[in-house]
Amino acid sequence: MPAFFVLLPSSIYCQAGRGTLSGTITDARGGALQGARVELQPGRTSTSTDAQGQFTFLSIPTGPYSIVVTYSGFQTLTQSVTVSETATRFDATLTIGSAAQSVQVYADRQGGELEAINRTFNADNIINVLPADVIVSLPNANVADAIGRLAGVTLERDEGEGKYVKVRGTEPRLTHTTLDGVNLASPEAVRQIKLDLIPANLVESVQINKTLQANMEGDGIGGSVDLRTKSAEDRPTLYLESTGGYTPILEGRSKYQFDGTVGKRFLDGKKLGLLFGASYDFNGEGINDIEPGPALAGTYDLRDYRYFRDRWGLGGTFDYRITDTSSLYLKYLYAHFKNFGDDWIYSPAIQSFADSTTLTQSGTDGTVSFSALRRRPIQDIGGLQLGGHHVIGRSIFGWDLDSSLARTRDAGYDNSSFGASSASNPDNNIQYNLDVSHPLTPHLNVQNGVNIFDPTHLFFQRRQQQNTYSPEVDLGFGASLAVAYSLGGQSSIFEFGGRFRNEHKFVNQDTRLFYAAGTTFSYSGRPRYVESPSGALSNFINDFKDPNYYSNRYAFGPGADVEQLRNFAGQADLGVGDNVGNSFNQIEKVSAGYLMNTINLNRCRVILGLRFEDTSENNLGYLGQSRSTTAGTTPIRIQNSYLDVLPSASVRYEINPRSGIRLVYGRGLSRPNFGDLIPFQSAPSGGVARNTVSQGNPNLKSEYADNIDLLYENNLSHQGLLQAGFFYKHFTNPILPTQSLVAPNPSVTGNNLPYFLNQTINAGSAWVYGLEVSFQQHFSYLPGLLSGLGLSANYAYTNSQANLPPYVDLTDPAVPVDTISGPNRGPEGANPALIGQAPNSYNVSPTYDKKNLSVRLGMTYNQANISSYNYDTSNSGPISQGGGGGGIHGPNGDQYFYSHLQIDLQGTYTLPKGFQAVVYGLNLNNEVFGFYNGSTQFPVQREFYRPTVGGGLRWSLPNRK
C-alpha cells in the first residue's frame, strides 16, 4: 500500500491545470480565527485554519469555485474564487452572527470558547482544546489545573495544585506531553511532565489529543498533551495583568501574580512577527496536614507546611513569512519553579496497648518525636524549536530542529530529627487515649498531663542533608512532505516523514548524615543517642506560630529554625557520599518514520497511517552497595533496542454540515520510566536460607495499547457543541513489580542457594473503557437578562481491570527456579482497577455574560482512585490490635486518592480604556486533599488549605477585543 501511494502522486504531477489556493481568515477587528472550516465547492474539499488563521489548498484543478467559510458564532461566508496555475490568494473577514451576539463573540473567554468549539469540531483526530482566554477565566494556578477541567481528565494533586495529568482512567505515566508537537524533557526520573512548573497563562492554548495519528509521536496511550506557544497576529497585541490574593491560614498567607504579552508584525506585508510573553507568580501557601497510621495503630503525624512557591516563565515566537505560502519560525518556552518550603512535624505514637480488649488505651510508654524540614528544590523546563513550512509545487514541506531541557536541583534538602532517649524523659512516658469516634480526624489524647509540645524535652538526634542534580537534555529534528493528489476525482493527501530525538538524562545525589555529638552505635548498627542540653529543641525555636491549626481540631507546637540547626556545632558528619542506588546515566535514541494518507469520499474523510519507532538505550547503573565509595560497588552498563510498528485509522462521516460521527483506531505506546530502566543491583539481604536482591531492568519494553473510539458530535447553533463518545483501550506488556525465584549465583549472593529477585517486568494485561459526554452552549436566544447565561459541562465514566501475574509461594521447595510471582492479593483482589482510574468525573461551569460583566463558576469532581496497590492476604483477617488486618477494604487495603470536589469562581468587569477588574475565589468549599487505605474511614493523609480570595486588574489594547 505505501508504494502505491508514493507512485500515484508522481503520475499526477504530469497533469496540467492545477494550482494552489491559500489565505487568511480573520474577524472584523483583525484577529486570526483559528479552526475555521474552509470548503471548496464543487468537490467538498475542506481544510481548517491554523493559529495565524491561515489555510492552504494544494494541487486543486484550476477554474472557478465557491469558497465557503464557517466559524461558529459568525455568519457563514460564501464567495467566488478562481484558481489559476500560479498561487492564488484569498483573504476573508467574517462578521458576527447577529448584533445580539457581539458581546459573546468578542469578549475574552467567549472568544476562546468559540475557538475551542471550532478547533475541536474541525480537527482530524479527537481532541479537547483550552485556549488561553478560557484558561485565565478561572483562577488556575498552573497548566495542570486548567487541563483538569476537560472531559475525561483527572489530576494528581500536590500541595494544593494540580501536578500530573491522568487521561481516560490511566496513570500519569501513560500521558505524553509535547511542546508544539515535539517531545518535552522531564525534570524527574519519570516520563510524565510535572505540569505545575508551567504558569497557566504562558501558553497560547493546550490541546489534548485523545486519539493518535501516524504523524504524531507514538507515546501517550492515555492521551497526549500538546502545549502551544503564542505567536504574533496581524493586529498588535499588548496585554498586562496584576492580581493578588489572601488565604486565612498560618495567620494569613499571600499570593500575587504579574503577566504580560506584547506582539506585533513588522515590515511590508507584515512579514515579520515578534511576540514575547512573561509570567510571574508567588504563592505563600500554608498547609495543615494530619497523617494517621492504619486504624488502631495509635500513630499519626501532625504536619504544618509554610511554602514560598515562586514560579515564572517566558514564551513566544519569532516568525517570518518569506512568501504567502512559505514561512520560518523560532518558538520558545521556558518555565522556572522554586518550590521552597519549611515543614514541621510532631509524631506522637502509642508503643503498646493496655490489653487486648481496650484497644484505644495505651500504657505509659507512649512517645513523641519532632522533625524540622527545609525544602529548596528548583525545577525548570523549556523548549526551543526552529522550523519552517514551505509550499513547493503541489506539496507542503515542513521541517524543524528542536531542543528541550528540564532539570531538578535541590541544593540542601535538610531534615533534622529530635526525640527523647532517656528512660526518665517525660516524652518516653506518655499515656495516650486513641479516639477514633471521628475517623477522618482521629486524636491521640494525652491522659497523664505530659505536654508533648514542650521543646525542653526533645533533643537533637540526627540531621540528613541531601543534594540532588537531575537534568535531561533532548535534541532532535524532523521533516515531513505532504503531497496532494486526486484519486477517482476525490481530493487526497499522502504524507510521509520522520523524526529523530536523542535524550540524555542522569541523576547525581549526595547524602550526608550528621549525628548528635556523643552518639554511639549498637552491634546491629542502630544509633544510641544522648540528650545534650545544647541540643534541646528550645535552643532552636523560631517565630513560627499556628494557633488555628486544622481549624482548632488539633494543637500544634513551636517550629524550629533550620539554618540554626545547619550551623549547630554539636553534630558530627558520620556518612558522606553519592547515593548510587538513586543515581544513573541514560541515553535514549528514538528514530521514527511514518506514512499517512487522507482521502475525502463524499461525506467521509478517511485517514490511514503507519508509524515505525526504533528505540535504543544505553543505561548506566551500579552493582553492590549504596555508595560508589564503598568497596564492592561497580558500574553496570547495558545497551538495548527494539522496534515498534504503530498502525492507525479513522473515519469521519458527515451527517450534515453541523454534525458527524467518528470511528478511530490507533495503537500507541508508553515507554518505561527512566528509574525503572536503571541497571542497578542491590547488595543481597535476608536470612540464611534465602537472600533477596533488588535489580533494575534495562530490558523493559514499552507498554502498548490498542485504542478504539466512537464519537458523535453536533456543532450547535448559538455557539455550542455537543459530543458523546465511547472508548476502549486494551493494554499489553504492562509494567509491573514482581518477585521471582532465581537460580543460585554465588557472584551475587555469596552462597550457592536460590534467591528472591524483586524486579519490574512486562507482564499481564489490562483494559479500560469509558463514556464521555460534553456540552457547551450560550443561551443568547433567551429573553432579557437570561440571554447572558451559558453552560459548559462534561462527564466521564470509566471502568478498568488489571490482570496481574498469579501469586506463587516461592518459599515452597517444589517451586522451580525462574518462577515469577505476582502480588499475593487472593481471589478478591487479583484483578484490581487500574492505578489512577476514577470511575466518575465531571466539570460543571455555568457562565454569565451581559454588557460589561462576565462571571464563570467552576466545579471539578474526581472520584476516588487507586494511587498504589497495597493489599496482600497477610491482612485478610479482622482488624487487630496495632492496626493489622481488615481485608481489602480495611486499613491495609490498596491506597486511594480521596474523591475531590473543588469549587472556584471568577468574575471580570470591563472598565473604560481597555481595563478590566478581576475578582476570584479559589477552593471556596475548602476541599481536603489526601489518601486513604481500603475505604474512606481509614485515612493516611489529609491536607487542609483553606479558600483563597483575591482580585486585580487587566489591561489590553482597546482594539484587542
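**Terms and their grounds**

Reply: Helix 3 (residues 108-122) lies across strand 9, strand 14 and strand 15 and runs at about 160° to strand 9. Contact means heavy atoms within 4.5 Å; axes are lines fitted to C-alpha atoms, for helices over the stretch in contact, and angles run from 0 to 180 degrees between N-to-C directions. Helices (H or I, at least four residues) and strands (E, at least two) are DSSP runs, numbered from the N terminus. This is a predicted model, in which local features need pLDDT of at least 70 and side-chain atom pairs count only at pLDDT 80 or more, while totals for chains, interfaces and linings use all residues. Residues are numbered from 1 along each chain as its sequence is written, and side-chain values use heavy atoms, with hydrogens and water left out.

Me: What makes strand 9 and strand 13 edge strands of their sheet?

Reply: The open sheet has five strands in the order 9-14-15-12-13, with mixed pairing. Two strands pair if DSSP finds at least two bridges between them. Strand 9 (127-131) and strand 13 each have a single partner strand, so one side of each has no neighbour in the sheet.

Me: How do you know that strand 12 and strand 15 pair?

Reply: Five bridges join strand 12 (residues 175-179) to strand 15, and the two run parallel. Opposite T175 stands G223 in strand 15.

Me: What joins strand 50 to strand 47 and to strand 51?

Reply: Ten bridges join strand 47 (residues 853-862) to strand 50 (residues 900-910), and these strands run antiparallel. Six bridges join strand 50 to strand 51 (residues 915-922), also antiparallel. T908 is the bridge partner of S854 and stands opposite V918 in strand 51. The hairpin of strand 50 and strand 51 has four residues between the strands, and K913 takes a positive phi near 65° there.

Me: Why is the contact of D904 with R149 called a salt bridge?

Reply: The term requires a side-chain nitrogen of Lys or Arg within 4 Å of a carboxyl oxygen of Asp or Glu. The side chains of D904 and R149 meet at 2.8 Å, N to O, and the structure holds 54 salt bridges. D904 lies in strand 50 and R149 in the loop between helix 5 (143-147) and strand 10 (153-158), so the pair ties together parts that are 755 residues apart in sequence.

Me: Are D904 and R149 buried or exposed?

Reply: Buried means under 20% relative accessible area, exposed over 50%, and partly exposed in between (1.4 Å probe, protein chains only). D904 has 1% and is therefore buried; R149, at 13%, also counts as buried.

Me: What makes R309 and D196 a salt bridge?

Reply: Their side chains meet at 3.9 Å, N to O. R309 is buried at 1% relative accessibility, and D196 is buried at 1%.

Me: How do you know that R501 and E217 link distant parts of the chain?

Reply: The closest N and O atoms of this salt bridge are 2.4 Å apart. R501 lies in strand 28 (residues 490-516) and E217 in the loop between strand 14 and strand 15 (223-228), 284 residues apart. R501 is buried at 8%, and E217 at 7%. Both belong to a network of salt bridges that includes R191, D219 and E503.

Me: Why does V651 count as partly exposed?

Reply: Its relative accessibility is 35%, so V651 counts as partly exposed. V651 is in strand 34.
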